[in-house]
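Please keep the sequence and the three-dimensional view at hand while reading.

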Amino acid sequence: MLGFKIKNRVSWLAIAMIAIFAVITAQLFRIQIIDHDTYREQAEAEAIKQLVVPAQRGLIYMRDMDNFAPVVLNEQVFLAFVDPMVVADAVKVEDVLKKVAGGNLTVSNLADMLREGFDAGSRYIVVARGLSRAQAEMIKAENLTGVGFTSGTRRVYPEGNLASQTLGFMNGEGVGQYGIEQALNERLSGKDGLLQTVTDINNVPLTIGDKNIREPAVDGENIVLTIDRNIQALTEKALKSGMEKAEATRGSALVMNPRNGEILAMANLPDFSPAEFDKVEDASLFQNAVVMDPYEPGSVTKAFTMAAGLDSGAVRPDSTYNNTDYIQVEDRQITNAHKGYLGTMTMQDVLNQSLNTGVVTVLMRMGESGDRITSNSIDKLFGYFDGRFHFGRLTGVEVAENPGVVVSPKEVEGNAVRYSNMTFGQGMNVNMLTMV
(Lines give C-alpha, C1' and ligand atoms only; values in the text may rest on other atoms or scores of the structure.)
Protein backbone atom coordinates (compact mmCIF):
# COMPACT_ATOMS: atom_id res chain seq x y z
CA MET A 1 0.00 0.00 0.00
CA LEU A 2 2.81 2.39 0.84
CA GLY A 3 4.47 1.85 -2.52
CA PHE A 4 1.19 2.46 -4.30
CA LYS A 5 0.65 5.79 -2.48
CA ILE A 6 4.13 7.04 -3.33
CA LYS A 7 3.71 6.04 -6.93
CA ASN A 8 0.36 7.84 -7.03
CA ARG A 9 1.83 11.04 -5.56
CA VAL A 10 4.68 11.02 -8.07
CA SER A 11 2.19 10.72 -10.90
CA TRP A 12 0.16 13.65 -9.64
CA LEU A 13 3.32 15.74 -9.18
CA ALA A 14 4.38 14.93 -12.72
CA ILE A 15 0.96 15.93 -14.01
CA ALA A 16 1.13 19.20 -12.04
CA MET A 17 4.61 19.99 -13.38
CA ILE A 18 3.48 19.29 -16.92
CA ALA A 19 0.48 21.59 -16.41
CA ILE A 20 2.67 24.38 -15.05
CA PHE A 21 5.12 24.05 -17.92
CA ALA A 22 2.19 24.05 -20.32
CA VAL A 23 0.88 27.32 -18.83
CA ILE A 24 4.35 28.90 -18.95
CA THR A 25 4.83 27.74 -22.51
CA ALA A 26 1.44 29.15 -23.49
CA GLN A 27 2.27 32.47 -21.86
CA LEU A 28 5.64 32.63 -23.57
CA PHE A 29 3.97 31.81 -26.88
CA ARG A 30 1.42 34.59 -26.30
CA ILE A 31 4.07 37.14 -25.31
CA GLN A 32 6.70 36.24 -27.90
CA ILE A 33 4.45 35.37 -30.84
CA ILE A 34 0.87 36.59 -30.48
CA ASP A 35 1.49 39.86 -28.55
CA HIS A 36 5.04 40.39 -29.85
CA ASP A 37 4.29 43.68 -31.62
CA THR A 38 2.43 45.12 -28.63
CA TYR A 39 5.25 44.43 -26.15
CA ARG A 40 7.86 45.61 -28.65
CA GLU A 41 6.05 48.95 -28.99
CA GLN A 42 5.87 49.29 -25.20
CA ALA A 43 9.58 48.58 -24.86
CA GLU A 44 10.46 51.06 -27.58
CA ALA A 45 8.22 53.69 -25.99
CA GLU A 46 10.18 53.30 -22.75
CA ALA A 47 13.63 53.32 -24.32
CA ILE A 48 13.18 55.55 -27.36
CA LYS A 49 12.60 59.25 -26.76
CA GLN A 50 11.95 62.14 -29.10
CA LEU A 51 14.37 64.95 -28.34
CA VAL A 52 14.29 68.47 -29.73
CA VAL A 53 17.43 69.64 -31.50
CA PRO A 54 17.38 73.40 -30.86
CA ALA A 55 18.13 75.76 -33.72
CA GLN A 56 20.81 78.39 -33.22
CA ARG A 57 19.37 81.89 -33.04
CA GLY A 58 20.67 84.24 -35.71
CA LEU A 59 23.33 86.81 -34.84
CA ILE A 60 22.92 90.58 -35.18
CA TYR A 61 25.60 92.80 -36.69
CA MET A 62 26.14 96.52 -37.07
CA ARG A 63 28.25 98.18 -39.69
CA ASP A 64 31.78 99.11 -38.72
CA MET A 65 32.98 101.36 -41.54
CA ASP A 66 33.45 98.84 -44.38
CA ASN A 67 33.19 95.81 -42.10
CA PHE A 68 30.56 94.25 -39.86
CA ALA A 69 30.74 94.09 -36.06
CA PRO A 70 28.74 91.50 -34.07
CA VAL A 71 26.60 93.15 -31.41
CA VAL A 72 24.45 90.15 -30.42
CA LEU A 73 26.03 86.69 -30.12
CA ASN A 74 25.04 83.30 -28.67
CA GLU A 75 26.60 81.49 -25.73
CA GLN A 76 25.83 77.83 -24.93
CA VAL A 77 24.22 77.26 -21.54
CA PHE A 78 22.62 74.24 -19.86
CA LEU A 79 19.43 73.54 -17.95
CA ALA A 80 19.48 70.89 -15.23
CA PHE A 81 16.40 68.84 -14.36
CA VAL A 82 15.62 65.89 -12.09
CA ASP A 83 13.29 62.92 -12.34
CA PRO A 84 11.93 62.31 -8.79
CA MET A 85 10.97 58.76 -9.73
CA VAL A 86 14.57 57.63 -10.23
CA VAL A 87 16.63 59.91 -7.95
CA ALA A 88 18.69 57.60 -5.75
CA ASP A 89 20.12 60.08 -3.23
CA ALA A 90 18.16 63.34 -2.89
CA VAL A 91 20.49 64.77 -0.23
CA LYS A 92 23.56 64.27 -2.39
CA VAL A 93 21.81 65.76 -5.43
CA GLU A 94 20.87 68.85 -3.42
CA ASP A 95 24.37 69.25 -1.95
CA VAL A 96 26.09 68.98 -5.35
CA LEU A 97 23.69 71.39 -7.06
CA LYS A 98 24.02 73.99 -4.29
CA LYS A 99 27.79 73.73 -4.42
CA VAL A 100 28.16 73.91 -8.21
CA ALA A 101 25.10 75.76 -9.55
CA GLY A 102 25.00 78.52 -6.94
CA GLY A 103 22.96 81.46 -8.21
CA ASN A 104 21.73 79.42 -11.17
CA LEU A 105 19.52 77.27 -8.94
CA THR A 106 15.78 77.69 -9.48
CA VAL A 107 14.65 75.89 -6.29
CA SER A 108 15.34 76.62 -2.64
CA ASN A 109 14.59 73.24 -1.03
CA LEU A 110 15.21 70.47 -3.53
CA ALA A 111 14.55 67.59 -1.13
CA ASP A 112 11.01 68.82 -0.43
CA MET A 113 10.36 69.39 -4.14
CA LEU A 114 11.55 65.87 -4.96
CA ARG A 115 9.19 64.37 -2.37
CA GLU A 116 6.27 66.46 -3.65
CA GLY A 117 7.16 65.60 -7.26
CA PHE A 118 7.35 61.88 -6.41
CA ASP A 119 3.94 61.98 -4.72
CA ALA A 120 2.46 63.81 -7.71
CA GLY A 121 4.02 61.41 -10.21
CA SER A 122 6.14 64.16 -11.79
CA ARG A 123 9.02 63.08 -14.03
CA TYR A 124 10.55 66.48 -14.76
CA ILE A 125 11.52 69.29 -12.36
CA VAL A 126 13.82 72.11 -13.51
CA VAL A 127 16.40 72.78 -10.81
CA ALA A 128 18.91 75.12 -12.48
CA ARG A 129 19.11 77.38 -15.54
CA GLY A 130 21.91 79.18 -17.33
CA LEU A 131 24.65 76.75 -16.30
CA SER A 132 27.99 77.08 -18.04
CA ARG A 133 29.55 74.05 -19.74
CA ALA A 134 32.07 73.80 -16.88
CA GLN A 135 29.27 73.74 -14.28
CA ALA A 136 27.34 71.11 -16.22
CA GLU A 137 30.44 68.91 -16.55
CA MET A 138 31.17 69.17 -12.81
CA ILE A 139 27.63 68.02 -11.98
CA LYS A 140 27.78 65.20 -14.55
CA ALA A 141 31.04 63.99 -13.02
CA GLU A 142 29.15 63.18 -9.80
CA ASN A 143 27.06 60.53 -11.67
CA LEU A 144 23.85 61.61 -9.99
CA THR A 145 21.08 59.18 -10.94
CA GLY A 146 17.95 61.02 -12.03
CA VAL A 147 19.69 64.28 -12.99
CA GLY A 148 19.66 65.28 -16.66
CA PHE A 149 20.58 68.26 -18.82
CA THR A 150 19.34 70.06 -21.90
CA SER A 151 21.47 72.56 -23.76
CA GLY A 152 20.41 75.94 -25.02
CA THR A 153 21.78 79.39 -25.71
CA ARG A 154 21.62 82.81 -24.19
CA ARG A 155 22.34 86.12 -25.85
CA VAL A 156 25.63 87.90 -25.31
CA TYR A 157 26.06 91.63 -26.01
CA PRO A 158 29.74 92.45 -26.56
CA GLU A 159 28.99 96.18 -26.93
CA GLY A 160 27.16 96.42 -23.60
CA ASN A 161 24.31 98.93 -23.57
CA LEU A 162 24.94 100.23 -27.09
CA ALA A 163 21.61 100.73 -28.93
CA SER A 164 19.86 98.62 -26.28
CA GLN A 165 16.32 99.81 -27.11
CA THR A 166 16.93 99.24 -30.82
CA LEU A 167 18.27 95.72 -30.31
CA GLY A 168 15.85 94.52 -27.63
CA PHE A 169 16.53 91.22 -25.86
CA MET A 170 15.56 87.55 -25.68
CA ASN A 171 13.45 86.60 -22.65
CA GLY A 172 13.76 83.48 -20.52
CA GLU A 173 11.46 81.52 -22.85
CA GLY A 174 13.70 82.20 -25.83
CA VAL A 175 11.38 84.74 -27.46
CA GLY A 176 12.56 88.15 -28.65
CA GLN A 177 11.12 91.17 -26.89
CA TYR A 178 11.35 94.80 -27.99
CA GLY A 179 13.52 96.13 -30.78
CA ILE A 180 14.98 93.97 -33.53
CA GLU A 181 14.82 90.85 -31.36
CA GLN A 182 11.01 91.07 -31.30
CA ALA A 183 10.35 92.56 -34.72
CA LEU A 184 12.47 89.95 -36.53
CA ASN A 185 11.97 87.14 -34.01
CA GLU A 186 10.71 84.64 -36.60
CA ARG A 187 13.68 85.20 -38.91
CA LEU A 188 16.16 85.07 -36.03
CA SER A 189 14.63 81.97 -34.39
CA GLY A 190 15.04 79.41 -37.14
CA LYS A 191 13.36 75.99 -36.79
CA ASP A 192 14.14 73.32 -34.21
CA GLY A 193 15.05 69.81 -35.41
CA LEU A 194 13.97 66.42 -34.04
CA LEU A 195 16.01 63.42 -32.87
CA GLN A 196 14.33 60.10 -32.04
CA THR A 197 16.81 57.83 -30.29
CA VAL A 198 17.40 55.26 -27.59
CA THR A 199 18.25 56.92 -24.25
CA ASP A 200 19.59 55.78 -20.91
CA ILE A 201 17.86 56.31 -17.58
CA ASN A 202 19.00 59.95 -17.53
CA ASN A 203 17.54 60.59 -21.00
CA VAL A 204 21.04 60.80 -22.49
CA PRO A 205 20.94 59.75 -26.19
CA LEU A 206 22.82 56.53 -26.86
CA THR A 207 22.55 57.05 -30.65
CA ILE A 208 22.44 53.33 -31.43
CA GLY A 209 19.97 51.15 -33.27
CA ASP A 210 17.99 51.68 -36.43
CA LYS A 211 15.30 53.86 -34.85
CA ASN A 212 17.15 57.17 -35.08
CA ILE A 213 15.11 59.65 -37.07
CA ARG A 214 16.80 63.05 -37.35
CA GLU A 215 15.15 66.18 -38.70
CA PRO A 216 17.98 68.71 -38.96
CA ALA A 217 17.57 72.04 -37.20
CA VAL A 218 17.48 75.14 -39.40
CA ASP A 219 19.43 77.96 -37.76
CA GLY A 220 18.02 81.47 -37.72
CA GLU A 221 19.12 84.18 -40.11
CA ASN A 222 21.95 86.55 -39.28
CA ILE A 223 20.82 90.18 -39.46
CA VAL A 224 22.98 93.12 -40.53
CA LEU A 225 21.64 96.52 -39.47
CA THR A 226 22.25 99.77 -41.34
CA ILE A 227 23.35 101.25 -38.01
CA ASP A 228 27.06 102.03 -37.86
CA ARG A 229 28.62 101.07 -34.53
CA ASN A 230 30.92 104.11 -34.47
CA ILE A 231 28.21 106.63 -35.38
CA GLN A 232 25.90 105.02 -32.81
CA ALA A 233 28.52 105.36 -30.06
CA LEU A 234 29.26 108.99 -30.95
CA THR A 235 25.55 109.81 -31.11
CA GLU A 236 24.95 108.35 -27.65
CA LYS A 237 27.92 110.32 -26.31
CA ALA A 238 26.64 113.58 -27.84
CA LEU A 239 23.11 112.87 -26.58
CA LYS A 240 24.38 112.33 -23.05
CA SER A 241 26.32 115.59 -23.18
CA GLY A 242 23.32 117.50 -24.50
CA MET A 243 21.02 116.06 -21.82
CA GLU A 244 23.45 117.08 -19.10
CA LYS A 245 23.60 120.65 -20.42
CA ALA A 246 19.82 120.85 -20.69
CA GLU A 247 19.35 119.04 -17.36
CA ALA A 248 17.02 116.64 -19.17
CA THR A 249 16.08 113.25 -17.73
CA ARG A 250 15.33 111.59 -21.08
CA GLY A 251 16.49 112.13 -24.63
CA SER A 252 16.52 110.56 -28.08
CA ALA A 253 18.53 111.13 -31.23
CA LEU A 254 18.43 109.80 -34.77
CA VAL A 255 20.99 109.93 -37.58
CA MET A 256 19.91 109.13 -41.14
CA ASN A 257 21.72 109.09 -44.47
CA PRO A 258 19.75 111.72 -46.46
CA ARG A 259 20.69 110.12 -49.78
CA ASN A 260 19.01 106.76 -49.20
CA GLY A 261 17.15 106.88 -45.87
CA GLU A 262 19.42 104.38 -44.10
CA ILE A 263 19.36 104.75 -40.32
CA LEU A 264 22.94 105.17 -39.10
CA ALA A 265 22.17 105.69 -35.40
CA MET A 266 19.10 105.41 -33.18
CA ALA A 267 19.81 106.43 -29.60
CA ASN A 268 17.78 106.72 -26.40
CA LEU A 269 18.87 107.63 -22.87
CA PRO A 270 18.68 106.38 -20.22
CA ASP A 271 19.39 102.91 -21.59
CA PHE A 272 19.76 99.45 -20.06
CA SER A 273 21.85 96.27 -20.30
CA PRO A 274 20.10 93.72 -22.56
CA ALA A 275 22.07 90.94 -20.84
CA GLU A 276 20.47 91.95 -17.52
CA PHE A 277 17.00 92.95 -18.68
CA ASP A 278 15.47 91.11 -15.71
CA LYS A 279 17.09 93.62 -13.36
CA VAL A 280 15.36 96.61 -14.96
CA GLU A 281 12.66 97.99 -12.66
CA ASP A 282 11.28 100.65 -15.02
CA ALA A 283 9.84 98.86 -18.07
CA SER A 284 9.61 102.16 -19.96
CA LEU A 285 13.39 101.93 -20.47
CA PHE A 286 12.74 99.12 -22.94
CA GLN A 287 10.78 101.43 -25.26
CA ASN A 288 12.52 102.89 -28.30
CA ALA A 289 11.30 106.48 -27.94
CA VAL A 290 12.52 107.39 -31.45
CA VAL A 291 9.67 105.37 -32.93
CA MET A 292 7.36 104.74 -29.97
CA ASP A 293 6.90 108.17 -28.35
CA PRO A 294 5.09 110.55 -30.73
CA TYR A 295 5.55 114.23 -29.96
CA GLU A 296 4.48 117.65 -31.22
CA PRO A 297 7.26 118.42 -33.72
CA GLY A 298 6.88 122.19 -33.46
CA SER A 299 8.45 124.69 -35.86
CA VAL A 300 10.25 122.11 -38.02
CA THR A 301 6.76 121.50 -39.46
CA LYS A 302 6.82 124.98 -41.00
CA ALA A 303 9.11 123.67 -43.74
CA PHE A 304 6.45 121.10 -44.68
CA THR A 305 3.63 123.67 -44.58
CA MET A 306 5.67 125.94 -46.83
CA ALA A 307 6.39 123.01 -49.18
CA ALA A 308 2.64 122.34 -49.43
CA GLY A 309 1.99 126.03 -50.16
CA LEU A 310 4.65 126.17 -52.86
CA ASP A 311 3.66 122.89 -54.48
CA SER A 312 -0.04 123.79 -54.54
CA GLY A 313 0.73 127.20 -56.08
CA ALA A 314 -0.78 129.09 -53.15
CA VAL A 315 2.48 131.02 -52.60
CA ARG A 316 5.84 131.62 -54.28
CA PRO A 317 9.19 132.27 -52.60
CA ASP A 318 8.79 136.01 -53.16
CA SER A 319 5.15 136.18 -52.03
CA THR A 320 4.67 138.64 -49.19
CA TYR A 321 2.27 139.42 -46.33
CA ASN A 322 2.08 142.11 -43.63
CA ASN A 323 3.28 140.74 -40.30
CA THR A 324 1.84 142.31 -37.13
CA ASP A 325 2.84 139.39 -34.89
CA TYR A 326 -0.87 138.46 -34.58
CA ILE A 327 -3.42 136.81 -36.83
CA GLN A 328 -7.09 136.05 -36.09
CA VAL A 329 -8.50 132.55 -36.66
CA GLU A 330 -12.16 132.37 -35.74
CA ASP A 331 -12.31 133.16 -32.00
CA ARG A 332 -8.58 132.62 -31.40
CA GLN A 333 -5.60 134.92 -31.87
CA ILE A 334 -2.43 133.24 -33.17
CA THR A 335 0.82 134.93 -32.19
CA ASN A 336 4.48 134.61 -33.09
CA ALA A 337 6.83 133.04 -30.56
CA HIS A 338 9.53 135.52 -31.65
CA LYS A 339 8.03 138.99 -31.93
CA GLY A 340 9.33 142.21 -33.44
CA TYR A 341 9.83 141.28 -37.11
CA LEU A 342 7.08 143.57 -38.31
CA GLY A 343 5.97 144.79 -41.72
CA THR A 344 6.26 143.17 -45.15
CA MET A 345 7.69 139.65 -45.02
CA THR A 346 8.48 137.20 -47.81
CA MET A 347 8.00 133.44 -47.54
CA GLN A 348 11.75 133.12 -47.07
CA ASP A 349 11.48 135.53 -44.11
CA VAL A 350 8.75 133.31 -42.65
CA LEU A 351 11.19 130.40 -42.49
CA ASN A 352 14.19 132.52 -41.48
CA GLN A 353 12.37 134.08 -38.53
CA SER A 354 10.10 131.08 -37.80
CA LEU A 355 6.91 133.16 -38.00
CA ASN A 356 3.73 131.37 -36.94
CA THR A 357 1.59 134.03 -38.59
CA GLY A 358 3.36 133.43 -41.89
CA VAL A 359 2.53 129.71 -42.15
CA VAL A 360 -1.05 130.37 -41.07
CA THR A 361 -1.20 132.85 -43.96
CA VAL A 362 0.04 130.08 -46.28
CA LEU A 363 -2.84 127.86 -45.09
CA MET A 364 -5.33 130.67 -45.72
CA ARG A 365 -4.05 131.18 -49.26
CA MET A 366 -4.44 127.47 -50.00
CA GLY A 367 -8.22 128.03 -49.83
CA GLU A 368 -10.50 129.70 -52.33
CA SER A 369 -10.86 132.96 -50.38
CA GLY A 370 -7.16 133.50 -49.66
CA ASP A 371 -7.79 135.52 -46.48
CA ARG A 372 -9.29 132.94 -44.13
CA ILE A 373 -9.08 129.23 -43.39
CA THR A 374 -11.76 127.29 -45.26
CA SER A 375 -12.67 123.62 -45.55
CA ASN A 376 -10.92 123.64 -48.91
CA SER A 377 -7.62 124.86 -47.46
CA ILE A 378 -7.88 122.38 -44.59
CA ASP A 379 -8.50 119.50 -47.01
CA LYS A 380 -5.49 120.54 -49.08
CA LEU A 381 -3.13 120.72 -46.11
CA PHE A 382 -4.37 117.38 -44.81
CA GLY A 383 -3.81 115.92 -48.27
CA TYR A 384 -0.15 116.91 -48.05
CA PHE A 385 0.41 116.02 -44.39
CA ASP A 386 -1.34 112.65 -44.65
CA GLY A 387 -1.08 111.68 -48.31
CA ARG A 388 2.31 113.12 -49.30
CA PHE A 389 4.37 113.37 -46.09
CA HIS A 390 2.62 110.42 -44.36
CA PHE A 391 2.42 112.11 -40.98
CA GLY A 392 0.57 109.81 -38.58
CA ARG A 393 1.34 106.73 -40.67
CA LEU A 394 3.71 103.83 -40.13
CA THR A 395 7.11 104.34 -41.74
CA GLY A 396 7.75 100.64 -42.35
CA VAL A 397 10.90 100.48 -40.21
CA GLU A 398 11.68 96.95 -38.96
CA VAL A 399 10.80 97.67 -35.32
CA ALA A 400 7.51 98.32 -33.57
CA GLU A 401 6.40 101.94 -33.86
CA ASN A 402 3.64 104.31 -32.84
CA PRO A 403 3.00 106.64 -35.81
CA GLY A 404 1.14 109.34 -33.88
CA VAL A 405 -2.05 111.11 -34.93
CA VAL A 406 -2.94 113.79 -37.48
CA VAL A 407 -6.59 114.69 -36.99
CA SER A 408 -8.65 114.36 -40.15
CA PRO A 409 -10.86 117.24 -41.39
CA LYS A 410 -13.76 114.77 -41.16
CA GLU A 411 -13.51 114.80 -37.37
CA VAL A 412 -15.03 117.54 -35.24
CA GLU A 413 -11.58 118.39 -33.87
CA GLY A 414 -10.27 118.92 -37.42
CA ASN A 415 -11.33 122.54 -37.48
CA ALA A 416 -9.70 125.81 -38.53
CA VAL A 417 -8.12 126.52 -35.15
CA ARG A 418 -6.50 123.11 -34.94
CA TYR A 419 -5.21 123.29 -38.52
CA SER A 420 -3.78 126.76 -37.96
CA ASN A 421 -1.79 125.28 -35.04
CA MET A 422 -0.77 122.29 -37.16
CA THR A 423 0.96 124.62 -39.65
CA PHE A 424 3.65 125.20 -37.01
CA GLY A 425 3.64 121.70 -35.52
CA GLN A 426 1.15 121.89 -32.66
CA GLY A 427 -2.15 120.05 -32.32
CA MET A 428 -0.64 116.96 -34.01
CA ASN A 429 1.99 114.36 -33.09
CA VAL A 430 4.35 112.13 -35.03
CA ASN A 431 7.36 110.03 -34.12
CA MET A 432 10.93 111.23 -34.64
CA LEU A 433 11.59 108.85 -37.51
CA THR A 434 8.66 110.28 -39.48
CA MET A 435 9.98 113.81 -39.15
CA VAL A 436 13.55 112.84 -40.10
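Helix axes are lines fitted to C-alpha atoms over the stretch in contact, and the angles between them run from 0 to 180 degrees between N-to-C directions. The structure described here is a predicted model. In this model, the axes of helix 11 and helix 14 (residues 375–388) come within 10 Å and cross at roughly 115°. That angle makes helix 11 roughly perpendicular to helix 14, because angles from 65 to 115 degrees are placed in that class.

**Helix 11 with helix 14**

- The crossing of helix 11 past helix 14 is right-handed.
- From helix 11, the contact draws on Thr-301, Phe-304, Thr-305, Ala-308, Asp-311 and Ser-312.
- Helix 14 supplies Leu-381, Tyr-384, Phe-385 and Arg-388 to this contact.
- Sorted by class, the contact of helix 11 with helix 14 holds five nonpolar, three polar and two charged residues.

**Helix 11 with helix 13**

- Helix 11 (residues 301–312) also packs with helix 13 (residues 356–365), at an angle of about 30° and with the axes 9 Å apart.
- Helix 11 is therefore roughly parallel to helix 13, since angles under 35 degrees count as such.
- Here the crossing is left-handed.
- On the side of helix 11, the residues in contact are Lys-302, Thr-305, Met-306 and Gly-309.
- They meet Asn-356, Val-359 and Val-362 in helix 13.
- The contact of helix 11 with helix 13 comprises three nonpolar, three polar and one charged residues.

**Helix 3 with helix 5**

- Helix 3 and helix 5 (residues 133–140) pack with their axes 10 Å apart, at an angle of about 160°.
- This angle makes helix 3 roughly antiparallel to helix 5, because the class takes in angles over 145 degrees.
- Helix 3 passes helix 5 in a right-handed crossing.
- Val-96, Leu-97, Val-100 and Ala-101 of helix 3 meet Gln-135, Met-138 and Ile-139 of helix 5.
- Six residues of the contact of helix 3 with helix 5 are nonpolar, one is polar and none is charged.

- One cavity of 30 Å³ or more is found when the whole structure is searched.
- The largest cavity contains about 40 Å³ of space.
- Its lining consists of Glu-94, Leu-97, Lys-98, Leu-105, Val-107, Ser-108, Asn-109 and Leu-110.
- Helix 3 (residues 90–101) gives the largest share of this lining, with three residues.
- Leu-97 belongs to the lining of the cavity and also to the contact of helix 3 with helix 5.

**Backbone features in loops**

- Leu-269 and Pro-270 are joined by a cis peptide bond, with omega about 0°.
- Pro-270 lies in the loop between strand 12 (263–269) and helix 10 (289–292).
- Glu-247 is not a glycine, yet its phi is positive, at about 55°.
- The loop that holds Glu-247 runs between helix 9 (229–246) and strand 11 (251–256).

How values were computed. Residues numbered from 1 in each chain as written. Predicted model: local features only at pLDDT ≥ 70, side-chain atom pairs only at ≥ 80, totals over all residues. Heavy atoms only, no water. 1 Å grid on protein atoms, 1.4 Å probe; cavity = no way out; pocket = protein on both sides within 12 Å on 5 of 7 lines; lining within 4 Å. Points joined across faces, edges and corners; volume = space filled by probe spheres on them. Helix = DSSP H or I, 4+ residues; strand = E, 2+ residues; numbered from the N terminus. Left-handed = near helix turned anticlockwise from the far one by under 90°. Contact = heavy atoms within 4.5 Å. Nonpolar A, V, L, I, M, F, W, Y, C, P; charged D, E, K, R; others polar.
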